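Here is a short note to read with the structure open beside you.

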Amino acid sequence: SFGFIPFVSGIFFMLYQQIERWSVNLFLGPEALGKMYLVFLTTTLWILVPTSILNLYFPKAIKFYTDNDFHNFHKIIKLNIIISSLYCIITSVIILILLKPVVGFIFPKHVPYSFLVFLALPGLIFRTLLDPISLYLNSIVRLKPIFWSDLFSTIIYIFCILFLFFNDTFSLTNFVICFDIYMCFKFFYLLFDCLN
């Protein structure tokens with residue numbers, strides 16, 4: 001029963017990805033979808049390390065909480081926050097410095113779309129900073145906020161797409177900004193819930 005909401009959370013993220021890809025393909029065409037390749041690739045690679053770290057810390061965090069060892073529990077949450085923050089800083093700097101040279105060497109045709117990755121960095125950072133919050137909420141089995149954050153952020157994302165539609169402002173830049181808004185809303189929703 002504890003695993004159901006995290007499972008649903010994964011479905012919501014897959015739903016967001018499908019909406020994103022369908023919308024880009026529908027309104028800008030398959031060529032535009034190809035121009036988003038770097039963003040999709042970077043997003044996939046970016047989350048590998050934080051997800052692995054989260055999987056390492058989760059068993060320890062839930063054990064400490066179950067054993068009422070709140071000192072070590074809070075210590076591991078703080079450690080996850082520090083590591084996630086350092087990861088965001090280091091990876092962002094690497095992307096800003098090395099992305100264009102590396103892409104120019106391996107995928108030269110995609111160099112003009114490197115700016116989309118830079119534009120997606122805030123969303124990727126918010127996505128990573130969500131992990132310590134998720135670690136905390138999953139460990140104390142407070143799962144409803146995770147569900148509501150997924151639901152509301154998906155609804156917000158759909159509204160962003162509808163806004164672009166009704167204002168005829170579809171562009172790859174705006175789609176990436178919608179991604180940033182999606183992740184930003186999700187992060188702050190869970191953050192405010194944890195602080196209250």
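1. Let's begin with the lining of the second largest pocket: its residues divide into 13 nonpolar, two polar and no charged. Please keep in mind as you look that this is a predicted model.

2. How much space does this second largest pocket hold? Its volume is about 320 Å³. To find the spot on your screen, look for Thr42, Leu45, Ile95, Leu99 and Val102, which are the closest to its centre among the 15 residues that line it.

3. Two elements, α3 (37-46) and α5 (70-106), each give two or more residues to the second largest pocket. The most comes from α5, which supplies nine residues.

4. Now turn to the largest pocket, where about 680 Å³ of space lies. It is lined by 24 residues, and those closest to its centre are Pro6, Ser9, Leu54, Ser134 and Asn138.

5. Which elements give two or more residues to the lining of the largest pocket? They are α1 (4-28), α4 (48-66), α6 (114-139), α7 (144-166) and α8 (172-195). The largest share belongs to α6, with six residues.

6. In the largest pocket the lining residues divide into 13 nonpolar, seven polar and four charged, whereas the lining of the second largest pocket has 13 nonpolar, two polar and no charged residues.

Methods. Residues are numbered from 1 along each chain as its sequence is written. This is a predicted model: local features need pLDDT of at least 70, side-chain atom pairs count only at pLDDT 80 or more; totals for chains, interfaces and linings use all residues. Side-chain values use heavy atoms; hydrogens and water are left out. On a 1 Å grid over the protein atoms alone, a cavity is a set of points where a 1.4 Å probe fits but cannot get out, and a pocket is an open set with protein on both sides within 12 Å along at least five of seven lines; lining residues have an atom within 4 Å of a point. Grid points are joined across faces, edges and corners, and a volume is the space filled by probe spheres set on the points. Helices (H or I, at least four residues) and strands (E, at least two) are DSSP runs, numbered from the N terminus. Ala, Val, Leu, Ile, Met, Phe, Trp, Tyr, Cys and Pro count as nonpolar, Asp, Glu, Lys and Arg as charged, and the others, Gly among them, as polar.
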